[in-house]
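Have a look at the picture first, then read on.

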Amino acid sequence: EGGGVMAAGGAGDPQAECGPGAGGLALLGLAPGAPSCPHGPALLFVKTSQGREEGRRFFACSACRDRRDCNFFQWEDEKVSETKLAAREEYNRSHQPSFTHRQNVERYKNFILLPLSKRRFCQECQQLLLPAEWENHSDHQFLCDISTAQLQTPSQLLYPLENKKTNAQYLFADRSCQFLLDLIIDLGFRRVLSVGTPRLHEMIQSKASQEEDFRVRSLLLDIDFRYSQFYTEDEFCHYNMFNHYFFGGEAARETCRNFLHQDNGERVIMVTDPPFGGLVEALASSFKKLMAMWKETEKEGHDNPEMPTLWIFPYFFESRILEFFPSFSMLDYQVDYDNHALYKHGKTGRRQSPVRLFTNLTPTMIVLPVEEGYRFCAICQRYVSSGNKHCEICNSCTSKDGRRWKHCVLCKKCVKP
(Lines give C-alpha, C1' and ligand atoms only; values in the text may rest on other atoms or scores of the structure.)
Protein backbone atom coordinates (compact mmCIF):
# COMPACT_ATOMS: atom_id res chain seq x y z
CA GLU A 1 0.00 0.00 0.00
CA GLY A 2 2.24 2.70 1.22
CA GLY A 3 5.85 3.30 0.65
CA GLY A 4 6.68 -0.15 -0.45
CA VAL A 5 9.16 -0.44 -3.24
CA MET A 6 8.42 -1.93 -6.60
CA ALA A 7 10.85 -4.47 -7.96
CA ALA A 8 11.10 -6.72 -10.99
CA GLY A 9 8.14 -6.51 -13.42
CA GLY A 10 5.27 -4.06 -13.41
CA ALA A 11 2.38 -4.16 -10.93
CA GLY A 12 0.42 -7.35 -11.06
CA ASP A 13 2.77 -9.08 -13.51
CA PRO A 14 2.88 -12.81 -12.66
CA GLN A 15 6.15 -13.04 -14.59
CA ALA A 16 7.76 -10.45 -12.33
CA GLU A 17 9.15 -13.17 -10.10
CA CYS A 18 12.57 -14.52 -10.94
CA GLY A 19 11.86 -17.83 -9.30
CA PRO A 20 13.75 -21.05 -9.80
CA GLY A 21 13.38 -22.41 -13.30
CA ALA A 22 12.89 -19.03 -14.92
CA GLY A 23 15.67 -17.64 -17.04
CA GLY A 24 16.91 -14.32 -15.71
CA LEU A 25 18.03 -13.49 -12.20
CA ALA A 26 17.93 -15.52 -9.03
CA LEU A 27 18.04 -13.86 -5.65
CA LEU A 28 20.61 -15.37 -3.31
CA GLY A 29 19.61 -13.06 -0.45
CA LEU A 30 21.42 -10.96 2.14
CA ALA A 31 25.11 -11.84 2.34
CA PRO A 32 27.14 -11.08 5.49
CA GLY A 33 29.21 -7.94 4.98
CA ALA A 34 27.23 -6.92 1.87
CA PRO A 35 28.00 -3.43 0.52
CA SER A 36 25.37 -0.72 1.07
CA CYS A 37 23.62 1.84 -1.10
CA PRO A 38 21.32 4.65 0.15
CA HIS A 39 18.61 1.97 0.67
CA GLY A 40 20.69 -0.14 3.06
CA PRO A 41 22.56 -3.44 2.45
CA ALA A 42 22.46 -4.63 -1.17
CA LEU A 43 21.12 -8.06 -2.13
CA LEU A 44 23.14 -10.76 -3.86
CA PHE A 45 21.91 -11.98 -7.26
CA VAL A 46 23.12 -14.42 -9.91
CA LYS A 47 22.16 -14.76 -13.59
CA THR A 48 20.36 -18.04 -14.33
CA SER A 49 19.47 -20.02 -17.42
CA GLN A 50 16.77 -22.71 -17.15
CA GLY A 51 17.24 -22.95 -13.40
CA ARG A 52 21.04 -23.28 -13.52
CA GLU A 53 23.31 -20.64 -12.03
CA GLU A 54 25.67 -19.14 -14.51
CA GLY A 55 27.86 -16.10 -14.68
CA ARG A 56 29.25 -14.01 -11.86
CA ARG A 57 27.29 -13.14 -8.77
CA PHE A 58 26.65 -9.46 -8.14
CA PHE A 59 25.19 -7.08 -5.57
CA ALA A 60 22.38 -4.71 -6.52
CA CYS A 61 20.02 -2.35 -4.67
CA SER A 62 17.41 -4.24 -2.65
CA ALA A 63 14.74 -1.62 -3.28
CA CYS A 64 15.11 -0.27 -6.82
CA ARG A 65 15.30 -2.62 -9.75
CA ASP A 66 15.57 0.21 -12.26
CA ARG A 67 19.15 1.44 -12.57
CA ARG A 68 17.88 4.99 -13.11
CA ASP A 69 16.46 5.06 -9.58
CA CYS A 70 19.50 3.57 -7.84
CA ASN A 71 22.41 2.52 -9.99
CA PHE A 72 24.23 0.56 -7.29
CA PHE A 73 26.05 -2.46 -8.75
CA GLN A 74 29.07 -4.44 -7.60
CA TRP A 75 30.43 -7.84 -8.63
CA GLU A 76 30.68 -10.17 -5.63
CA ASP A 77 34.37 -10.86 -6.30
CA GLU A 78 35.25 -7.26 -7.21
CA LYS A 79 38.13 -5.59 -5.34
CA VAL A 80 36.86 -2.09 -4.52
CA SER A 81 39.53 0.57 -4.07
CA GLU A 82 39.70 2.77 -0.94
CA THR A 83 38.95 5.82 -3.11
CA LYS A 84 35.82 4.23 -4.53
CA LEU A 85 34.69 3.09 -1.04
CA ALA A 86 35.13 6.62 0.34
CA ALA A 87 33.23 8.09 -2.63
CA ARG A 88 30.43 5.57 -2.11
CA GLU A 89 30.14 6.43 1.60
CA GLU A 90 29.98 10.10 0.73
CA TYR A 91 27.31 9.40 -1.92
CA ASN A 92 25.22 7.37 0.56
CA ARG A 93 25.51 10.15 3.15
CA SER A 94 24.52 12.86 0.65
CA HIS A 95 21.45 10.85 -0.39
CA GLN A 96 19.97 10.71 3.11
CA PRO A 97 17.06 13.03 4.03
CA SER A 98 17.97 16.61 4.97
CA PHE A 99 16.40 16.32 8.44
CA THR A 100 16.62 13.47 10.94
CA HIS A 101 13.44 11.93 12.32
CA ARG A 102 14.02 13.69 15.65
CA GLN A 103 14.40 17.06 13.91
CA ASN A 104 11.18 16.41 11.99
CA VAL A 105 9.34 15.66 15.26
CA GLU A 106 10.58 19.01 16.70
CA ARG A 107 9.56 20.82 13.51
CA TYR A 108 6.07 19.27 13.74
CA LYS A 109 5.68 20.49 17.35
CA ASN A 110 6.49 24.02 16.18
CA PHE A 111 4.26 23.67 13.11
CA ILE A 112 1.10 22.80 15.07
CA LEU A 113 1.58 25.88 17.30
CA LEU A 114 1.30 28.15 14.24
CA PRO A 115 -2.01 29.86 13.41
CA LEU A 116 -3.75 28.30 10.40
CA SER A 117 -2.75 31.20 8.12
CA LYS A 118 0.94 30.39 8.70
CA ARG A 119 0.75 26.65 8.13
CA ARG A 120 2.24 25.91 4.72
CA PHE A 121 3.22 22.71 2.95
CA CYS A 122 5.64 22.83 0.02
CA GLN A 123 4.33 20.52 -2.70
CA GLU A 124 7.61 20.42 -4.58
CA CYS A 125 9.74 19.52 -1.56
CA GLN A 126 6.92 17.55 0.10
CA GLN A 127 7.72 19.30 3.34
CA LEU A 128 5.91 21.14 6.13
CA LEU A 129 7.34 24.68 6.17
CA LEU A 130 8.06 26.91 9.14
CA PRO A 131 7.76 30.68 8.45
CA ALA A 132 11.55 31.20 8.52
CA GLU A 133 11.84 28.80 5.55
CA TRP A 134 9.22 30.40 3.30
CA GLU A 135 11.74 32.54 1.45
CA ASN A 136 13.82 29.52 0.35
CA HIS A 137 10.67 28.03 -1.20
CA SER A 138 9.23 31.26 -2.60
CA ASP A 139 9.15 30.02 -6.21
CA HIS A 140 7.58 26.64 -5.29
CA GLN A 141 3.95 25.60 -5.27
CA PHE A 142 2.57 25.26 -1.76
CA LEU A 143 -0.63 24.50 0.07
CA CYS A 144 -1.78 26.99 2.71
CA ASP A 145 -3.95 26.75 5.84
CA ILE A 146 -3.02 23.13 6.62
CA SER A 147 -5.71 21.90 9.03
CA THR A 148 -5.39 19.37 11.85
CA ALA A 149 -7.50 16.97 9.77
CA GLN A 150 -4.96 17.22 6.93
CA LEU A 151 -2.09 16.58 9.36
CA GLN A 152 -3.88 13.45 10.55
CA THR A 153 -4.17 12.10 6.98
CA PRO A 154 -0.69 12.63 5.56
CA SER A 155 -1.26 9.96 2.87
CA GLN A 156 -3.69 12.43 1.26
CA LEU A 157 -1.40 15.44 1.70
CA LEU A 158 1.70 13.73 0.23
CA TYR A 159 1.97 12.90 -3.46
CA PRO A 160 1.71 9.13 -3.90
CA LEU A 161 4.98 7.79 -5.32
CA GLU A 162 3.61 5.86 -8.26
CA ASN A 163 6.80 5.19 -10.21
CA LYS A 164 6.08 1.49 -10.76
CA LYS A 165 9.68 0.33 -10.60
CA THR A 166 10.70 2.10 -7.39
CA ASN A 167 7.71 3.06 -5.27
CA ALA A 168 4.27 1.60 -5.67
CA GLN A 169 2.18 3.72 -3.39
CA TYR A 170 -1.30 2.57 -4.08
CA LEU A 171 -3.40 3.48 -1.07
CA PHE A 172 -6.26 1.40 0.32
CA ALA A 173 -9.73 2.61 -0.55
CA ASP A 174 -11.61 3.64 2.63
CA ARG A 175 -13.91 0.63 2.27
CA SER A 176 -11.01 -1.85 2.37
CA CYS A 177 -9.23 0.09 5.10
CA GLN A 178 -12.34 0.15 7.30
CA PHE A 179 -12.91 -3.59 6.67
CA LEU A 180 -9.34 -4.40 7.74
CA LEU A 181 -9.61 -2.29 10.90
CA ASP A 182 -13.00 -3.81 11.85
CA LEU A 183 -11.59 -7.29 11.24
CA ILE A 184 -8.51 -6.60 13.41
CA ILE A 185 -10.72 -5.30 16.26
CA ASP A 186 -13.25 -8.15 15.96
CA LEU A 187 -10.44 -10.70 16.19
CA GLY A 188 -9.26 -9.09 19.43
CA PHE A 189 -5.94 -7.58 18.28
CA ARG A 190 -4.86 -4.38 19.98
CA ARG A 191 -1.49 -3.73 18.32
CA VAL A 192 -0.94 -3.51 14.58
CA LEU A 193 2.52 -3.67 13.02
CA SER A 194 1.72 -1.75 9.81
CA VAL A 195 4.41 -2.67 7.27
CA GLY A 196 3.95 -0.41 4.25
CA THR A 197 0.28 0.37 5.07
CA PRO A 198 0.25 4.12 5.89
CA ARG A 199 -3.49 4.56 5.35
CA LEU A 200 -4.39 1.84 7.85
CA HIS A 201 -1.87 3.35 10.29
CA GLU A 202 -3.34 6.86 9.98
CA MET A 203 -6.90 5.56 10.40
CA ILE A 204 -5.83 3.90 13.68
CA GLN A 205 -3.88 6.98 14.85
CA SER A 206 -6.73 9.30 14.03
CA LYS A 207 -9.35 7.19 15.88
CA ALA A 208 -7.00 6.86 18.88
CA SER A 209 -6.69 10.66 19.12
CA GLN A 210 -10.45 11.24 18.77
CA GLU A 211 -12.04 8.37 20.71
CA GLU A 212 -11.12 7.92 24.34
CA ASP A 213 -12.07 4.25 24.53
CA PHE A 214 -10.29 3.28 21.28
CA ARG A 215 -7.60 0.87 22.39
CA VAL A 216 -5.80 -0.15 19.17
CA ARG A 217 -2.21 1.06 18.59
CA SER A 218 -0.17 0.98 15.40
CA LEU A 219 3.53 1.22 14.48
CA LEU A 220 4.22 2.11 10.83
CA LEU A 221 7.32 0.59 9.17
CA ASP A 222 7.77 2.25 5.78
CA ILE A 223 10.51 3.21 3.31
CA ASP A 224 8.83 6.59 2.67
CA PHE A 225 10.70 8.91 5.05
CA ARG A 226 8.22 11.75 4.39
CA TYR A 227 5.99 10.19 7.07
CA SER A 228 8.58 11.08 9.74
CA GLN A 229 7.25 14.66 9.50
CA PHE A 230 3.91 13.55 10.99
CA TYR A 231 4.75 10.73 13.43
CA THR A 232 6.96 10.40 16.49
CA GLU A 233 9.77 7.85 16.77
CA ASP A 234 7.35 5.55 18.63
CA GLU A 235 4.81 5.68 15.77
CA PHE A 236 7.01 5.39 12.66
CA CYS A 237 10.25 3.61 11.74
CA HIS A 238 11.99 4.22 8.41
CA TYR A 239 12.27 0.64 7.13
CA ASN A 240 13.10 -1.25 3.93
CA MET A 241 11.01 -4.42 3.75
CA PHE A 242 13.22 -5.96 1.04
CA ASN A 243 16.31 -6.27 3.23
CA HIS A 244 14.84 -5.89 6.76
CA TYR A 245 16.83 -2.68 7.20
CA PHE A 246 16.00 -0.12 9.90
CA PHE A 247 17.50 3.20 8.75
CA GLY A 248 17.35 4.45 12.36
CA GLY A 249 19.72 1.68 13.48
CA GLU A 250 19.52 -0.06 16.85
CA ALA A 251 17.20 2.59 18.38
CA ALA A 252 14.54 1.99 15.69
CA ARG A 253 14.96 -1.78 15.97
CA GLU A 254 14.41 -1.44 19.72
CA THR A 255 11.25 0.64 19.09
CA CYS A 256 9.91 -2.20 16.95
CA ARG A 257 10.92 -4.84 19.50
CA ASN A 258 9.21 -2.92 22.33
CA PHE A 259 6.06 -2.54 20.26
CA LEU A 260 5.95 -6.29 19.60
CA HIS A 261 6.39 -7.03 23.29
CA GLN A 262 2.85 -7.68 24.44
CA ASP A 263 1.70 -6.15 27.69
CA ASN A 264 -1.56 -7.01 29.46
CA GLY A 265 -2.41 -9.64 26.89
CA GLU A 266 -2.58 -7.11 24.04
CA ARG A 267 -2.30 -9.29 20.95
CA VAL A 268 -0.20 -8.19 17.97
CA ILE A 269 -0.95 -8.65 14.26
CA MET A 270 1.29 -7.71 11.32
CA VAL A 271 -0.48 -6.23 8.28
CA THR A 272 1.66 -5.74 5.18
CA ASP A 273 0.95 -4.55 1.64
CA PRO A 274 4.16 -4.79 -0.40
CA PRO A 275 4.54 -3.59 -4.01
CA PHE A 276 3.23 -6.32 -6.28
CA GLY A 277 6.40 -6.57 -8.33
CA GLY A 278 8.52 -7.15 -5.23
CA LEU A 279 10.48 -10.38 -5.00
CA VAL A 280 8.49 -12.72 -2.79
CA GLU A 281 11.59 -14.41 -1.36
CA ALA A 282 13.10 -11.07 -0.25
CA LEU A 283 9.83 -10.07 1.41
CA ALA A 284 9.36 -13.48 3.03
CA SER A 285 12.87 -13.30 4.47
CA SER A 286 12.12 -9.91 6.09
CA PHE A 287 8.74 -11.01 7.40
CA LYS A 288 10.33 -14.10 8.96
CA LYS A 289 12.81 -11.81 10.73
CA LEU A 290 9.96 -9.64 12.07
CA MET A 291 8.20 -12.82 13.22
CA ALA A 292 11.40 -13.96 14.95
CA MET A 293 11.61 -10.57 16.68
CA TRP A 294 8.02 -11.08 17.89
CA LYS A 295 8.86 -14.62 19.05
CA GLU A 296 11.82 -13.37 21.13
CA THR A 297 9.54 -10.97 23.02
CA GLU A 298 6.96 -13.68 23.70
CA LYS A 299 6.39 -15.05 27.15
CA GLU A 300 7.27 -18.72 27.66
CA GLY A 301 4.70 -21.32 26.74
CA HIS A 302 3.04 -19.34 23.95
CA ASP A 303 1.12 -21.75 21.75
CA ASN A 304 1.20 -19.61 18.59
CA PRO A 305 4.23 -20.55 16.45
CA GLU A 306 3.94 -17.50 14.13
CA MET A 307 3.01 -13.88 14.63
CA PRO A 308 -0.55 -13.47 13.25
CA THR A 309 -0.20 -11.87 9.82
CA LEU A 310 -2.28 -10.42 6.97
CA TRP A 311 -0.19 -10.20 3.78
CA ILE A 312 -1.97 -8.32 0.98
CA PHE A 313 -0.87 -9.49 -2.48
CA PRO A 314 -2.31 -10.57 -5.87
CA TYR A 315 -3.87 -14.05 -6.00
CA PHE A 316 -1.50 -15.28 -8.72
CA PHE A 317 1.37 -15.27 -6.21
CA GLU A 318 -0.42 -17.84 -4.04
CA SER A 319 1.97 -20.75 -4.76
CA ARG A 320 5.04 -18.55 -4.14
CA ILE A 321 3.74 -17.29 -0.77
CA LEU A 322 2.73 -20.80 0.36
CA GLU A 323 6.22 -22.02 -0.57
CA PHE A 324 7.66 -19.74 2.14
CA PHE A 325 4.70 -19.82 4.54
CA PRO A 326 2.94 -23.21 4.34
CA SER A 327 0.67 -22.18 7.25
CA PHE A 328 -0.89 -19.36 5.17
CA SER A 329 -4.13 -19.57 3.21
CA MET A 330 -5.67 -17.14 0.73
CA LEU A 331 -9.03 -15.50 1.45
CA ASP A 332 -11.51 -14.41 -1.24
CA TYR A 333 -11.72 -10.80 -0.02
CA GLN A 334 -10.83 -8.33 -2.80
CA VAL A 335 -8.72 -5.41 -1.60
CA ASP A 336 -9.32 -2.10 -3.41
CA TYR A 337 -7.12 0.94 -3.91
CA ASP A 338 -8.09 4.59 -4.29
CA ASN A 339 -5.53 5.67 -6.86
CA HIS A 340 -5.25 2.53 -8.97
CA ALA A 341 -7.36 2.45 -12.14
CA LEU A 342 -7.50 -1.35 -12.27
CA TYR A 343 -7.78 -2.41 -8.64
CA LYS A 344 -11.16 -1.03 -7.70
CA HIS A 345 -14.10 -3.05 -6.49
CA GLY A 346 -16.65 -4.43 -8.88
CA LYS A 347 -17.98 -2.06 -11.52
CA THR A 348 -16.05 1.12 -10.77
CA GLY A 349 -12.67 -0.31 -11.80
CA ARG A 350 -11.98 -1.77 -15.22
CA ARG A 351 -12.01 -5.23 -13.68
CA GLN A 352 -12.22 -6.89 -10.30
CA SER A 353 -9.22 -6.41 -8.07
CA PRO A 354 -6.81 -9.39 -8.12
CA VAL A 355 -5.51 -8.40 -4.68
CA ARG A 356 -6.25 -10.77 -1.78
CA LEU A 357 -5.49 -11.40 1.88
CA PHE A 358 -3.02 -14.17 2.72
CA THR A 359 -3.09 -15.11 6.39
CA ASN A 360 -2.00 -17.66 8.98
CA LEU A 361 -5.25 -17.03 10.90
CA THR A 362 -7.94 -19.73 10.65
CA PRO A 363 -10.14 -18.76 7.64
CA THR A 364 -13.30 -19.80 9.56
CA MET A 365 -12.66 -16.90 11.99
CA ILE A 366 -12.72 -14.29 9.24
CA VAL A 367 -16.18 -12.96 8.40
CA LEU A 368 -16.43 -11.29 4.98
CA PRO A 369 -19.20 -8.71 4.36
CA VAL A 370 -22.28 -10.31 2.78
CA GLU A 371 -23.39 -6.90 1.42
CA GLU A 372 -20.20 -6.83 -0.69
CA GLY A 373 -20.97 -10.17 -2.28
CA TYR A 374 -19.45 -12.82 0.01
CA ARG A 375 -21.19 -15.91 1.39
CA PHE A 376 -20.31 -18.62 3.92
CA CYS A 377 -19.60 -22.08 2.49
CA ALA A 378 -20.69 -24.62 5.10
CA ILE A 379 -18.56 -27.39 3.57
CA CYS A 380 -15.32 -25.36 3.30
CA GLN A 381 -16.17 -23.62 6.59
CA ARG A 382 -15.07 -20.22 5.29
CA TYR A 383 -16.41 -17.13 3.56
CA VAL A 384 -16.02 -17.07 -0.23
CA SER A 385 -16.96 -14.78 -3.09
CA SER A 386 -20.63 -15.35 -4.04
CA GLY A 387 -19.62 -16.36 -7.60
CA ASN A 388 -17.21 -18.98 -6.19
CA LYS A 389 -19.28 -22.18 -6.33
CA HIS A 390 -18.30 -25.30 -4.38
CA CYS A 391 -16.99 -28.06 -6.66
CA GLU A 392 -18.07 -31.50 -5.45
CA ILE A 393 -15.25 -33.29 -7.30
CA CYS A 394 -12.46 -31.03 -5.93
CA ASN A 395 -14.42 -30.69 -2.67
CA SER A 396 -13.50 -27.04 -2.45
CA CYS A 397 -14.60 -23.57 -3.57
CA THR A 398 -12.00 -23.39 -6.33
CA SER A 399 -12.30 -19.95 -7.98
CA LYS A 400 -9.35 -17.62 -7.41
CA ASP A 401 -10.56 -14.55 -9.31
CA GLY A 402 -14.18 -14.20 -8.14
CA ARG A 403 -15.70 -15.70 -11.35
CA ARG A 404 -17.31 -19.12 -11.45
CA TRP A 405 -14.74 -21.78 -12.42
CA LYS A 406 -15.60 -25.05 -14.21
CA HIS A 407 -14.29 -28.52 -13.48
CA CYS A 408 -12.20 -29.99 -16.32
CA VAL A 409 -12.22 -33.79 -16.37
CA LEU A 410 -9.01 -34.01 -18.41
CA CYS A 411 -7.07 -31.65 -16.13
CA LYS A 412 -8.70 -33.20 -13.04
CA LYS A 413 -9.20 -29.72 -11.59
CA CYS A 414 -11.30 -26.59 -11.89
CA VAL A 415 -10.18 -24.01 -14.45
CA LYS A 416 -11.04 -20.41 -15.37
CA PRO A 417 -14.15 -20.01 -17.57
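In what order do the 3 strands of the open sheet stand? The order is S8-S7-S9, and the pairing is antiparallel. Strand S8 (127–129) and strand S9 (142–143) are at the edges with a single partner strand each, so one side of each has no neighbour in the sheet. Keep in mind while you look that this is a predicted model.

Now zoom in on one of those pairings. Strand S7 (residues 120–122) is joined to S9 in the antiparallel sense by 2 bridges. Here phenylalanine 121 sits opposite leucine 143 in S9.

Which residues of H7 are buried? They are Ala252, Thr255, Cys256, Phe259 and Leu260. These cover an arc of only 130° around the axis, which means they lie on the same side of H7. There is a handy rule behind this: an α-helix has 3.6 residues a turn, so residues three or four places apart point the same way. The cover over the buried residues of H7 includes strand S10 (189–195), strand S14 (267–272) and helix H8 (280–297).

## The nonpolar cores

The largest nonpolar core has 72 residues. Leu193, Leu200, Leu221, Leu290 and Trp311 have the most contacts inside it. Helix H8 gives this core its largest share, 9 residues. At least three residues come from each of domain 1 (25–95) and domain 3 (174–296 + 305–383). Another core, of 16 residues, lies apart from it, and its members include Phe121, Leu157, Phe225 and Phe230.

What does leucine 193 touch, if you skip its neighbours within four places in sequence? Its contacts include Cys256, Phe259 and Leu260, which are also among the buried residues of H7. Leu290 and Met307 are on the contact list of leucine 193 too.

## Strand S15, wrapped up

Strand S15 (residues 309–314) has 6 of its 6 residues buried, so the rest of the structure largely encloses it. S14 pairs with S15 in the parallel sense over 3 bridges, and threonine 272 has tryptophan 311 as its bridge partner in S15. That tryptophan is one of the residues with the most contacts inside the largest core.

S15 also has an antiparallel link: 5 bridges join it to strand S17 (residues 355–359). In that pair, leucine 310 has threonine 359 in S17 as its bridge partner.

## A hairpin and a buried asparagine

Strand S18 (residues 374–377) and strand S19 (residues 382–385) run antiparallel and are joined by 4 bridges. Cysteine 377 stands opposite arginine 382 in S19. The two strands form a hairpin with 4 residues between them, and glutamine 381 in the turn has a positive phi of about 60°.

Follow the chain on to the loop between S19 and strand S20 (390–391), and you find asparagine 388. Is asparagine 388 buried or exposed? Asparagine 388 is buried, with a relative accessible area of 0%. Leaving out residues up to four places away in sequence, asparagine 388 touches Asp332, Arg375, Cys397, Thr398 and Ser399. Arginine 375 is 13 residues from asparagine 388 in sequence, and their C-alpha atoms are 9.1 Å apart in space.

Technical notes. Residues are numbered from 1 along each chain as its sequence is written. This is a predicted model: local features need pLDDT of at least 70, side-chain atom pairs count only at pLDDT 80 or more; totals for chains, interfaces and linings use all residues. Side-chain values use heavy atoms; hydrogens and water are left out. Buried means under 20% relative accessible area, exposed over 50%, partly exposed in between (1.4 Å probe, protein chains only). The arc is that of the directions from the helix axis to the C-beta atoms. Contact means heavy atoms within 4.5 Å. A nonpolar core is a set of buried Ala, Val, Leu, Ile, Met, Phe, Trp, Tyr and Cys residues joined through side-chain atoms within 4.5 Å. Domain bounds come from an automatic or database domain assignment. Two strands pair if DSSP finds at least two bridges between them.
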